[in-house]
Structure formats: C-alpha cells, structure tokens
Amino acid sequence: MTETKGEKILDKKFSRRQMLKMTGLGAAGVAIGATGLGGVIKTFGMDFLDDDSTVTNKVTFYGKHQSGIATDVQKNIYFASLIVLVKSKQELQELFKMWTPLAVRLMNGEMIGDSMTNGMIPPKDTGEAKGLDAANLSITFGIGPSLFEKKEFGLTSKKPAQLKDLPHFPKDQLDDTYTGGDICIQACADDPQVAFHAVRNLVRAASGKVSLKWSQAGFNSVPVVNNKKQTPRNLFAFKDGTENPITSSQKDMNEVVWVQSGESKNWMTDGSYLVARRIQMHLETWDRTALKEQENTFGRHRDSGAPIGKKDEFEAMDIDRKDDKGNFVVPETSHAFLAKSVDARILRRAFSYSSGIMDSTGSYDAGLLFLSFQKNPDQFTKIQNSLGRIDKLNEYITHRGSAVFACFPGIQKGSYIGEALFKTL
Amino acid sequence: MKSKSLLAILLAGSVIVTGCNSSDDESTEKKSSTLATTNETTAIDLQAEVDAYKEFAIDQMDQFTTETEKFVVAVKSGDIEKAKGIYPTARMFFERSEPIAESFGDLDPRIDARLADLEEEGQGKENWTGYHKIEYGLWVDNTTKGYEKIADQLLADSKELRARVETVEVTPKLMMTGAVDLLNEVSTSKITGEEEIFSHTDLYDFKANIEGADKIFTILEDKIEAKDPELAKNLTEKFKAVNDLLAKYETKNGYVSYTELTKEDTKALAEAVNHLGEPLSQMGIILE
C-alpha cells in the first residue's frame, strides 16, 4: 500500500523468515532497522512484525493501550460486530494470535500477505488499499458479553461484572439486526476504503471462524481552523464531543476511560469499555424545526456550539443559570442539561452514517453511530438514564442498535491481542 | 503472453480450456516471468484426475439426456404433474457438471437461460427456450400446450451437448475454477431463489452444485492432502457443514420449496457456502 518502503520490500517477496536469515539470526533482539517492512524484530525467541515508524499517516499499534480510543478521531469508520463460530478456547486464542500481525501490517499500510507466486489461487490481500497510505488507520478489538456465555470457551469466571448488556432505556426500539455481538472490530481511518479494507481482510482471514452479525460504516468531517482541529458536527449540525475528556491528558483519560488496576478483571487493566449505539436521526422532522427550538433541544447554540446564553463552545455549561423570571437559561429538558445533571463522563467517538432509505417510511436511514469509551459502561448508563423520557431530543431520534464490548488493553511487542485474558486461564 | 507460457508449463500436457479467461491472464502477467522458471520443476501430473473428471461429466450428461427425454415425453403428452416431478431432478445432472456445460457459450443459454438473463440482453420472451421456459409453462401458465416445439428443441440441444462434451479439453484449471464457480452460482442465484423463480425448486440446484464441487474436491483430495493436510481436512468439514444444513430441508422426494425458507435459513445456508468457498479457492496450491 505505501508506495515508498513497503512496496519495494514486498516486491522482493521477503518472508519474515528470510529477513531473519539474511540479517543473521545471531543478532537476537536487534531490530532490522526500526524501518524496513514494519521492522522484523526477534525477542525471546519470537519474531514478530513491528510498527514501521517511517510510514506516513501512521498510528502506532503496539503500546499500553489499543489504538482507536485516545487516537485523534479520524474521518471514517467501518465498525463490525462478529459472531464467533469456533468451538474451543484454543481456537479462539489462535484467532486473536492470527489477527495480531495482520493488524500490524494493515496499520503500517501494508498488504496482509506477501506477493503472490501462484496465479491459480486468489491473492491473500483483497487489494483495494494498494497504493493508499496508512491513512491513520487504527484497529480496535473488543469482546462482548455473549462470548462469555458460550460455555465451550470456559471464560465464565473471567467475565467482568461491568460487561453486561445495557439495560432497556425509555424509547429504545432495538432491532436485533444491529444489536450485540461476540467480538467487535473498530477500524477508523482518514480514508473510507482503508477502513473497509482492514475489516474485510481480517474477517476474510478468519473465514469459517467468525461470521458478521452487523456492521456500520460512518463518516465525520473535522473542520480545521488555523491548523487546529475543531469539534465535528453531527447530521443535526450540532457539535458532537465538546465535553470530551482531553485525550492527551493522562489524568483525564485515567479518570474517565482507562480501566485502572483493581477496577475490573485484571485482564482489562489499561483497557476500556465500548458502548455502541446505532441511533437513527429523523432528518425530515428535524429540518422542519425552528432554529430556536433546535437550540433548546440541544441546550447549545447551533453555530458556535456554545452553551445557550454564552459565546464560546468551551465555556462551562453552568446549568444552574436562571433568567430574570427564574427560568433555567439552558432548558431543563435539553439534551445538554440532562447529560450535565449527572456526575459521569465518557469519551464520545461518534460517527455519522447514511445507509440508504428506510423501507417502511421512505425516509433517510441516517443518524449517528454513537461510540463511547469509558472505564465502566455504567458511566454511559447513568447519562442515558438521566436523559430518560424527558430529553427533548427523543422526539427526533430512535435508538435502533446497541452493543457493549470490553476492549482489551494495548498489545506489547511479542504478545498478541487479548493475551492477558487467555494467559490467566 | 508470458502467463500463457507459465500455464502451459504448469498444466503440462493439457491444453488450456476453450474460453480461458483473457483478463485472468492479464492480471497474472506481471508476476509470471520469474515464476515460470521456479515452478517448472514442481508442475505435477494431474492427468489421472483430469480423466476422472471428464468421465464423471460424461456420465452426468448421459443421465441428463435420458432424464430430459423423459421430461420431454411428459410435456408433449400433456402430463403436467409428471413433468413437474421430473423437472428438478433432471436438471440436477446439468447443474452438477455445469463447469463443462458452461464451456459451450451457445448451448448453455439455449438449455438453461432464465427470462431475466434474456431481458438483461435486451431480448424478450420470444427468444426464450429451454428448461426455464417450460418451467414457466408448468408453474405459471399451468399448461404444456404450445410448449411442444420448445420441448423438442430442448431434447435436441441436450443431445448436442452430450455429443460435444467429448470434445472438451478438461484441465486442472477448469476443474479448480469450476469448483469455485459452482459455489458462486449457489451464492448469487440459488440462495436468492432467482434460479427457479416459478417452480421454487432452487434447493435441488443448490444440492447439485455442491455435489459437483464436492466431486472435484474428491478427485483432487489425495493431491491436496499431500500438499496441505489441514486444507483437505478443512474442506471435508466445510462440505459436511453445508450438506448437514441442506439435509434439514430434505423431503421424501427431494427438497422443500424455496418459499418455505426463512431469512434465517437462507442466511445460514449462504454463510456455510461462503465458509466453504474460501478454502475451496485454495485448491490451486497443488499447482505450486
């Protein structure tokens, strides 16, 4: 995919083993330049692919936390929820082991397989990302509560108390077609084809081992002013994510997003819980709503994103403010007021979607693929319960899909996705 | 072209099948120059397998002609029920050996075209012949009247097909792409109920396509086993999974109507076929 480094090396068809041979197996632990073909590294008798730091628009795979959470939000997402078909713990473990080097390659902007030598079988990589760079691709893996219900994996005792289906919320109209799943793969990139390619190839490599339950593509557009990324707007034109914790702040992230030691099952330390909601937004009704009513619905001004009665997007909401007559300035039924009424924070990482037309009504099937990361799904539940039946926004939206996933901690070099879960068994 | 020379070496002794896809050649062209030399020594002899497959195809075509004759007699004697009974099972012989039948670009549509296929080419009912035309008569018009000529033509075409099968140059490539094509047929038209749009006997075709692919696998199994035992095992399992699923819809005389399948049923069948298709597409490793 990357025309510079990866391409040249791929064309030479070096397998990882050949590379090791060429550079001398004796030099154990020495990186073959942290540069070439994702740098093949040998440590503790294991060779593995490494992040290629020379690649442009590259998000790092290895680290304390998985990518795609604190990563600056990209323009595109392809989100897939999978059902596991394998029947044993070992096969499940093998699945994540198999995916690990593929994810490294994809995030390096490489093809998942070496060049083909046999024209009589299909290429390993589906190929549509060839010629494109890494496009800041991040791949995030998580597992759902249903995986722990499958007795054959013997994972029951490893199920975190926090990982359970979300409760029913008022006005939920959940469709099984967009609900649940054993495994999720969240692929985000600044190029829609790169994001789709990542999921497509990971699922294909796992043919017969997983099947797709549901998936959703989404998009985001991030305005840039003076080189500074602004908060993206949802399809109702309001800014989404203003109140997010600051992803570069370790303190903020540790308080809100990353599971700390002792807060959940040990294998989840440095991981995070993902809540996914497919929320249909009724664009037709929204578009015939007066501006003032729109702003009272969100509790913010549309253009500036500022709390009602204020000028700047990032000014404090101060929901207690009242006007001369003693009425709340930010309406008590507004989305922001209700969300702010509870002491809970989440990291929103939402994407808009547009998936054709609703069969039954002829209206747009468009809305928000709401994704939020938090150290405990209860943080989301608290906020959603506060919105409850009162939220004025309810009139314009319908929650159609719902899922919750435990996203593993980051992967260490030489390890594989979810190792902590399997190792403790 | 370079790739042609590669194939010629790989498929030593066998002539490239008629209708060999030229775009395939283009896509492999770049890689082939270096490969031809490396693979020359490893090209394996598949003559016995090729012969076995040809024998199978000829046998299927024999039975297809015999059954078609019975079908045509029933149609011409106005026995609608009898014709309806023979229709799905006679077609299975054709569907099993479709990789061969398909190599005759003129005969295949005369025997097996659906109205939708013709309409795509801007043609109408008046140009429609073959099994599906009579299917329309039996299940929609509820008559055989006016279909006698079509029936005669069908029998003549079947016989011609049977005769011409002898001339087909069967190659390993035809077998391997044929097996995957059979599954693709299932995935794109049988599982959607579009093949037998009037009779809804799609599951018969489904089963026959799977059997056709299974036959090719069985013939090549030893060679695959020798090269990659895991692949052979995986394929055996995946064929079984599809067949076990299909068995759920068996009746005393055949298969339930497509219309009785729920969305969940078709989804499960389609997924099982996809899970079989991926490893099936790897059979080409024996040519490495």
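**Exercise 1. Find which part of chain A UniProt annotates as "domain: Dyp-type peroxidase N-terminal", and describe its secondary structure.**

Solution. Keep in mind throughout that this is a predicted model. Begin with the record: UniProt, in an unreviewed entry, puts this feature at residues 66-220 of chain A. Next, turn to the coordinates: over residues 66-220 the chain is 25% helix and 21% strand. Finally, check the ends of the stretch, where the C-alpha atoms are 21 Å apart.

**Exercise 2. Describe the interface between chain B and chain A, from its extent down to its side chains.**

Solution. Step one is to count residues: 20 from chain B are in contact with 15 from chain A. Step two is the area. Interface size is often expressed as the accessible area lost when the parts come together. Here about 1,400 Å² is buried between chain B and chain A, with carbon and sulfur atoms giving 56% of that area.

Step three is to look for specific pairs. Two residue pairs are in polar contact between the chains, both at pLDDT 80 or more. The count of salt bridges between the chains is one, and it joins the side chains of B:Glu278 and A:Arg204 at 2.9 Å, N to O. On the chain B side, the elements that give two or more residues are helix 2 (22-40), helix 10 (172-190) and helix 13 (263-280). That side of chain B is made up of five nonpolar, eight polar and seven charged residues.

**Exercise 3. Is A:Thr381 buried or exposed, and in which helix is A:Thr381 found?**

Solution. First locate the residue: A:Thr381 belongs to helix 10 of chain A, residues 377-387. Then apply the cut-off: A:Thr381 counts as buried because its relative accessibility is 11%, and buried means under 20%. Beyond its neighbours within four places in sequence, A:Thr381 is in contact with A:Leu166, A:Pro167 and A:Phe169.

Now widen the view to the helix. Helix 10 of chain A is mostly covered, with eight of its eleven residues buried, among them A:Phe380, A:Ile383 and A:Leu387. The cover over these buried residues includes helix 6 (250-256) and strand 12 (364-374) of chain A. After the helix comes A:Gly388, with a positive phi near 40°.

Terms used: Residues numbered from 1 in each chain as written. Chains lettered and ligands numbered in written order. Predicted model: local features only at pLDDT ≥ 70, side-chain atom pairs only at ≥ 80, totals over all residues. Heavy atoms only, no water. Contact = heavy atoms within 4.5 Å. Buried area = accessible area lost by both parts, 1.4 Å probe. Salt bridge = Lys/Arg side-chain N within 4 Å of Asp/Glu carboxyl O. Polar contact = N/O pair within 3.5 Å; in protein donor to acceptor, adjacent residues only side chain to side chain. Helix = DSSP H or I, 4+ residues; strand = E, 2+ residues; numbered from the N terminus. Nonpolar A, V, L, I, M, F, W, Y, C, P; charged D, E, K, R; others polar. Buried < 20%, exposed > 50% of the residue type's maximum accessible area, 1.4 Å probe, protein only. UniProt positions renumbered as here; feature names shortened; annotations may be inferred.
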